[in-house]
Structure formats: structure tokens, C-alpha cells
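Subject: Structure handover

Hello,

Please find the structure below. My notes on it follow.

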Amino acid sequence: MTATSDISRPIGLSRTRQLLTHPTVRSFTTFVALGVVAAIVTGPQGRTGDPTYSISKALQPGHLFLWIGIALAFWLVLVAWLAVRGQVRAVVAGPRQQVRTVWGISYVRWVFYIVLIVLAVLIPREFFGEYWQEVTVTSIGIYALLAIGLNVVVGFAGLLDLGYIAFYAIGAYATAYFTGTLPVQPPFTINPFFALPIAVVACMIAGFILGAPTLRLRGDYLAIVTLGFGELITILAINLDSITNGSRGAFGIPAFTIHLGPIHYEWGLDILPYYYLLLIFIVLIYWLFHRLENSRVGRAWTAVREDEVAAQACGIPPVKYKLLAFAIGASTSGFAGVLYASKNSFINPSIFTVNRSILVLVLVIFGGMGSLAGSIVGAIVVQGFFALVLKNNWFDPADIYMYVGAVLIGMMIFRPQGIIPSKRRAREIGLAERGLGSADALAAPAGSPTS
Amino acid sequence: MTADNAGARVLVDVDNITLRFGGVTSLDGVSLRQHEHEILSVIGPNGAGKTSLFNCLTGVYVPQEGSITFTAADGVAHPLVEMKPHNVTLLGIARTFQNIRLFNALTAFENVKIGVEAHQRTGPVGAMLHLPRMRREERDGDERTFELLDFVGLRARANELSASLPYGAQRRLEIARALGTSPKLLLLDEPAAGTNPAEKRDLEQLIRRINDEMGVTVLLIEHDMRLVMSVTHRVVVLNFGRVIAEGVPADVQRNPAVVEAYLGAPGEGDSDAAAG
């Protein structure tokens, strides 16, 4: 800034400064910078002995300008959107209100749900090849179930659980144990169907044991403890060789079978029957949790999440409700673990790493914290994207988390409430932006007990 | 008034409690008794320990010495020291907060309903399966919530976000939420703070109606002397963590110790003036 004083100019802002701080200019610079960063990270691998190889290759004009071009295309979309946002909202407001009114009619909702379920039944059967059917079951279906469960913990009760996959492991290993595929033999072997209730109870107990001492802690501490618990379970699975068969894992976990009077059915190598089984469970659990959300219990969770002191003043015991959410989430995770173990027929500790816990959390945040429908949509979008990348070999799969991270950051900036926001969470974020409270699952409840 | 209450049951008996934070003594041997159906005010300058007293009563703070007993609806006297805040609420003591603490992202209706649900028993299984008890409790809860919103005059705004209500309405909503827990004793922490004169008149009436129509005993912390003098039966004055005066409003107002606590001793004022 030059010191030449011009009295007519507003104090403290030179013309260059004014220009540089103009929002459009700022976002332009940001996007150019993003393009450069993207060019570098998508560049070739480095070479030993030539430290500048990677960066100089990445910054070659063709590659660099391609990425800056892509970034600027996004910038143009953003600028255009900001320019027409007002008009678009005004135009959309009327129809939107109509949709809301129609949505308020109960049978419309039912018809919508039934159509969705019919589509969910038909699409994988009619249009998907084997690869996509497999993806629908093991990547999307199982993870949708996991995300729904984690949503109870993170979205409803506002507890950050970074060791969520540990319960998935407990469910899977419980199945392996009770079907006799671990080095230690159970007193009796059972059909994986019966492992479902066992895993649910085992995970509830595990969740209770982990939660009872730690849920008295405030947000960040809980996250660290659960992170540790997740690691602990993985390391135990690797090192308890004589019990878990170490890093080789368990093989030949039997498939689900039904023997009900005259009905005999076995889930074999076909993928679709697993899909239908999973679909039934997802719909059922979704429905139960949806009811839970709109009940005394769900409201108590919201109360504890928003203001623990005020919740206590309303007679809500916070630790009890946190523990309840934690146990419900844990048992859903265990449930998914049983389904996975039996479907895949083989498990090993590398499936249950902390990365997976984070992945499930990403699905929840992506879809919308506190929104059950969001969890499913998040699983479909993110996991579907992963599968697409792997199938078409767009880039090195090892880089995938980098791109997901970038998308997540963008999401947090432009749509923190997720793809399908929960009504309550969206309001909390709206209020937090106006400085009227905290929308952060991590934050200690507004104010300390000192009122 | 004290004569009227002589025969009434003692509802709260605070006996000689002392609360310290490190070297600071917030309450120093405070004793007070409140009778059933009485409206008692606790007044005193800022930092006198009024809110600390509330927090001791509701289990948020645990006093180092002394005891507090509360006679619940079952006629049994329960010790309150070391009881968890939510259990205090379930026992029949509800409170509001000096700085309003509503659930901001919920509607007025939902806020009150959370209070109403304090004594319900529906658990997760009942909620998931819509068991008969859950349906009955939902129905009763909705009804009671609307009654309470009516009572504080907010029924028309039931579906508005609590954070978007005007200040005075938020105060009344917080009172409705507290009443939802069916208390025997209601603790109001500066309910008139920040309200305008019209809202103050409404509040005065509301406190009377809570006392008369619902039969709820009210313990009030308030700075607004007009409200204190018009609505309360008896006043306790705190200063520096001690009870310095107690009695009917008119007497307390004339008590030299009270005047001194609020305005400073004449000698002090003179020396200040001399120094200045």
C-alpha cells in the first residue's frame, strides 16, 4: 500500500486493496490456486534421485492449464449461481411450497416410499451386471447400514465415535466364532442367522463397557477414546493368533440358511438374494430408527446434544441417553458385521482398520448428519463413486481418500448440512451461522454448568 | 404473611450451607426455609450468591457443608445435596435460567414437550414398536403441552422456532417448559431481566397464576424491586454469601442492612467522596 494520502478515499483501503478483496476476485484467485494444487496432486509419481521430477512434470503447461481450466469452469458456475441465486429461489419458492404441501399428505409419502422400494428391488436385478450387483451389496448396502447406525450416535446424540468399525469387527468375529471357523471352537455351531442376535447383544455389551466410563467425557475426549478402542480391536484381531487366526483371518464362514418347516433356502454364491436380505434389514432398521427419532427418546437426544444443562433441568439423564445411543449404534454395526462375514465367507483384520471408521463417518456427514435418508444417499453417492473409479481406473485407487477429502471440504463450505439435511440439524447450523448456538457435534454443550 | 404460613408444611429446608470455589466463599452458612404455596424472593447485589444458591438446590453445585432437604409429593423429605440435577427435577423442582437456555433448534411446542416428557416412561423399544403405552403417552403429552402453551399465552406460536421468538416470549416459554415437568417448586432465575414494562406486568400475573391456579411454590431471584415487592410473600436478602435480612417485603425494604448492601454504608460513601 502506497503512503500517498488521498483524503477522498475511504480510510485504510487503497484501490488495489479494494479490488483484491472484492469477493469475486478473491474467489477467482482461490480457484486458480486450487487448479494449481490439483495439477500438482494429479501429476506423476516422484522419482528417487530426481526430487523435482514430479513437480516439474506436473507444472508443464498442458497439464497445468487443463486443471486451471477445470477449476475456472467451477468458478464460473459458482459466480453464475451467485448471480442468479435470488431469481432461482424466487421462481422455485412457489413449486417448492406446493411439493411440501403434497408431501404433507400421508398417502403421498407412502406411495413415494413404495415406489422407492420397488425401484430398489428392480434396478440391481434388471440393469446391473455382476460387478455392480457386488458393489450394491458389499460396498453400498452394508455401508448404508453402518451409516444409519453411526447416524444415531453422531447425528442424533451428537457423540463423535471414531472407533465405530470395532463393533463391526466384533459382529464379524462373533459370526466366525459361532460358525466354527476360528481356531477356537465354540460349544455349538449355529446358522449365521442366529449369530445376528448374539452379535447385537455382544456389541451392545461392548458399547456399554466402552461407553459407561467414557461418555462422561466431553466431545473431544470421547473421540480419542473411541479411536483408541478401534485400534485396540484391530490389533487384538491381528495378534491374538491362537484365537482369531491373526492376519490370515477366518475362512469358510457359512452362508445364511433358512429351515422353517417346509421352507429350506440357502444363500449361495448368487449375489441378489443377499441384496434382498440386506434390503429387508435396511428398510426395517430405517423404519425403527425413524420412529425412534420422532419419539420421547429422539427428543431427549436432541435436548442433550443442544444443551446438556437445560436437558438435565428437564429431567433427562444425559449419560443414560448417550449410552443408549452408543449401544444402539454399536449393535447396528455388529449386525452389519454378521451380514458381511456371512456374505463374504472370509474376514481378516485389514477390513476393520480406522480408515473404515472414518469412511462411515464421511458417509454420514456427506449425506447429512442426523438424517437417516441422508446416510443411505451418502453411501450410494460416495461408495458408488469409489466403485466407478475402481472400475474405470480413472486414477490410482490409493489416491481416492484425497479426492473424497477435497469434496468433503467443499461440502463443509457450501453445504454443511449434507445432501439431505435433517430438519433439526439444518436449523442448528442456520442458528450457529447467526451466532445463536453451536452446531458442532464435537463442541461442549453451550456454556458450562456455571450458567 | 409469615403468620399465615406458620401452619403450612416446610417444603425446602436449606440448613447452613457453605459453598466454596477454591479460596472464594460463594455461600457462607446460608439457611432458609420455604413453606408450601409460598412465593419467596431471594434478592441481593450482583455476586451475592443467589444463582449459586439455585445451583446448590438443583444439584449443579455440591455445597461443602450443610444440608438441603426437600419434601416431595410423596411426603418424604429427600436430601438434595449430591443429588444429580435430573433427579432433582424428577423429584419436583424445576428451574429456569438467568441467561435463557431453550433448545434453539426446536419449536416452542417441542421445547415444552421435552419438559412434559420428564415423567413419561417410554423407552427405545416402546418408541420403535409404537407400543400402546407410547401412543397413550404421546397423546397425553401433546395435550398437556398445548395446555401449558395456552397457560403462558404462546399457543398461537407453537410451531415457531424457539430462537425466533421475542425475548419476553422466550422467558415465558422457558417457564412453560419448567412447568411441564410438573414441579412442586419452581425456581425462577431473574425472569424479568431484559423484558419491557408490558412484559413485566404479564410476568407478574403469570407468577401469581402459577402460584394460585397450579398450586406451585415459587422461589424467585429478581433484581426488579417492583416485581419482587408486588408478587412475593417473603423476601430473603443475600450479601457476600450470607443472609443479611429476611421478612415481608415492606419490612425488608426499610431494613438498614439491606439499604447498606445496595447503596453502601454512609461512612464508606463519605470517605469515598473525601478521597475523590
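How many bridges join strand 3 of chain B to strand 9 of chain B, and do the two run parallel or antiparallel? Strand 3 (residues 39-43) and strand 9 (residues 234-239) of chain B are joined by four bridges, and they run parallel. Within this pair, Ile43(B) stands opposite Val237(B) of strand 9. Please keep in mind that this is a predicted model.

The sheet in chain B

Domains of chain B

Chain B is assigned two stretches as domain 1, 2-92 and 183-275, while domain 2 covers 105-180. The centres of the two domains, taken over C-alpha atoms, are separated by 28 Å. Contact between them involves 11 residues of domain 1 and 10 residues of domain 2. On the domain 1 side, helix 3 (85-91) and helix 8 of chain B are the elements that give two or more residues.

Helix 2 of chain B

Helix 2 (residues 50-57) of chain B is largely enclosed by the rest of the structure, because eight of its eight residues are buried. Among them are Lys50(B), Phe54(B) and Leu57(B). The helix is followed by Gly59(B), which has a positive phi, near 85 degrees.

Where the chains meet

Between the chains, 30 residues of chain A are in contact with 33 residues of chain B. On the chain A side, the elements giving two or more residues are helix 11 (272-293), helix 12 (296-306), helix 13 (308-313), helix 14 (318-344) and helix 18 (423-433). Helix 12 of chain A gives the most, with seven residues. The chain A residues on this side divide into 16 nonpolar, six polar and eight charged.

Regards

Definitions and conventions
Residues are numbered from 1 along each chain as its sequence is written. Chains are lettered from A and ligands numbered from 1 in the order in which they are written. This is a predicted model: local features need pLDDT of at least 70, side-chain atom pairs count only at pLDDT 80 or more; totals for chains, interfaces and linings use all residues. Two residues are in contact if their C-beta atoms, placed from the backbone, lie within 7 Å. Ala, Val, Leu, Ile, Met, Phe, Trp, Tyr, Cys and Pro count as nonpolar, Asp, Glu, Lys and Arg as charged, and the others, Gly among them, as polar. A residue is buried if 20 or more other C-beta atoms lie within 10 Å of its own, exposed if 12 or fewer, and partly exposed in between; C-beta atoms are placed from the backbone. Two strands pair if DSSP finds at least two bridges between them. Domain bounds come from an automatic or database domain assignment.
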